[in-house]
Amino acid sequence: MKRVLVAIAVGVVALATLAGPAVAAVGERAGRAVVVGTDFVTPLKGGSSKTEFSLAVPRGAACQGDSADGQYRVQSFLVPAKVDVGTLLFQDLKPQADDSFVLYDPATLPYWNTFTDKAGAKGGPGRIIDIPVLSFAVFGEQPGLLKPGRYHVGIACTRFAKTTRYWSSDILITADPHDQPAHIAWRVVDPPKKPGRALSSYLAYIVFGVIAVLILVVIVKPDKKVDADATDRDAKVTV
């Protein structure tokens, strides 16, 4: 009997190894997906159903593996705040929870089941890349489908449809009868107060550039004065 149990245990381990890298039963929240404008940098506070936006994940954000070798995929989601994103399955073009959706671009193409960047080494992480411009205009095709309430919005990594890691923010959706086409308005709950990382980098470059110019001015200016003094001395000697 003992030998049978050992054989079963070995078989289970072998099957797990063949299945690929292990992932957690529940996906982890790895950070914030900042709602940004179409420059992919400036945080947005809200908008209408026609407002175009995107999602910015932290620098280096990646799935545990890549699409090429690890079978990981990248999804977008808009789910009620009561839903635990880490437990979601992504099948049939949507997260499998009530009143839950993937996000769509302005041309009403769904952003789901896309590829990660290729890992630098086999078995390495796959970076999140090419998050497109998005909007809620698609919900104008079925007014009332997107119900008012608080939602998690973000980007998720999946492997065989199961969430393994995700980044999210919360938005509050309200009814707006004057809005076209979806009759909604939305705002970000607790938007970030700092500019996007790319904007911060540009500002840093500008500051460093100004400092470098000032240093050059300070260094070069005395040299010009010395040259002028030398010219005066040469003139006196010539006279």
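So, lysine 118: this one is exposed, at 54% relative accessible area, where exposed means over 50%, buried under 20% and partly exposed in between, using a 1.4 Å probe and protein chains only. Before I go on, this is a predicted model, so local features need pLDDT of at least 70 and side-chain atom pairs count only at pLDDT 80 or more, while totals for chains, interfaces and linings use all residues. Residues are numbered from 1 along each chain as its sequence is written, and side-chain values use heavy atoms, with hydrogens and water left out.

Okay, what does lysine 118 form a salt bridge with? The partner is aspartate 69, and the closest N and O atoms are 3.6 Å apart. By salt bridge I mean a side-chain nitrogen of Lys or Arg within 4 Å of a carboxyl oxygen of Asp or Glu. Lysine 118 sits in the loop between strand E10 (110-111) and strand E11 (126-127), and aspartate 69 in helix H2 (residues 67-70), so the pair ties together parts that are 49 residues apart in sequence. Helices (H or I, at least four residues) and strands (E, at least two) are DSSP runs, numbered from the N terminus. Aspartate 69 is partly exposed, at 39%. There's also a network of salt bridges here, linking Asp69, Lys118 and Lys122.

How many salt bridges turn up in a search of the whole structure? Six. Another of them joins the side chains of arginine 165 and glutamate 28, at 2.7 Å, N to O. That one links distant parts of the chain, with arginine 165 in strand E13 (residues 162-175) and glutamate 28 in strand E1 (residues 28-31), 137 residues apart. Arginine 165 is buried at 19%, whereas glutamate 28 is partly exposed at 37%.

Strand E13 comes up again with aspartate 170, which forms a salt bridge with arginine 150, closest N and O atoms 2.9 Å apart. Arginine 150 is in strand E12 (residues 149-159), 20 residues away. Aspartate 170 is buried at 14%, and arginine 150 is partly exposed at 42%.

Last stop, serine 76, in strand E6 (residues 72-80). Buried or exposed? Serine 76 is buried, with a relative accessible area of 0%. A polar atom of the serine 76 side chain lies 2.9 Å from the backbone nitrogen of leucine 103, and that side chain also reaches the backbone oxygen of tyrosine 111 at 2.6 Å. Beyond its neighbours within four places in sequence, serine 76 is in contact (heavy atoms within 4.5 Å) with residues including Phe90, Phe101, Val102, Gly154 and Ile155.

Note on methods:
A polar contact is a pair of N or O atoms within 3.5 Å; within protein, one must be able to donate a hydrogen and the other to accept it, and residues adjacent in sequence count only if both atoms are side-chain atoms.
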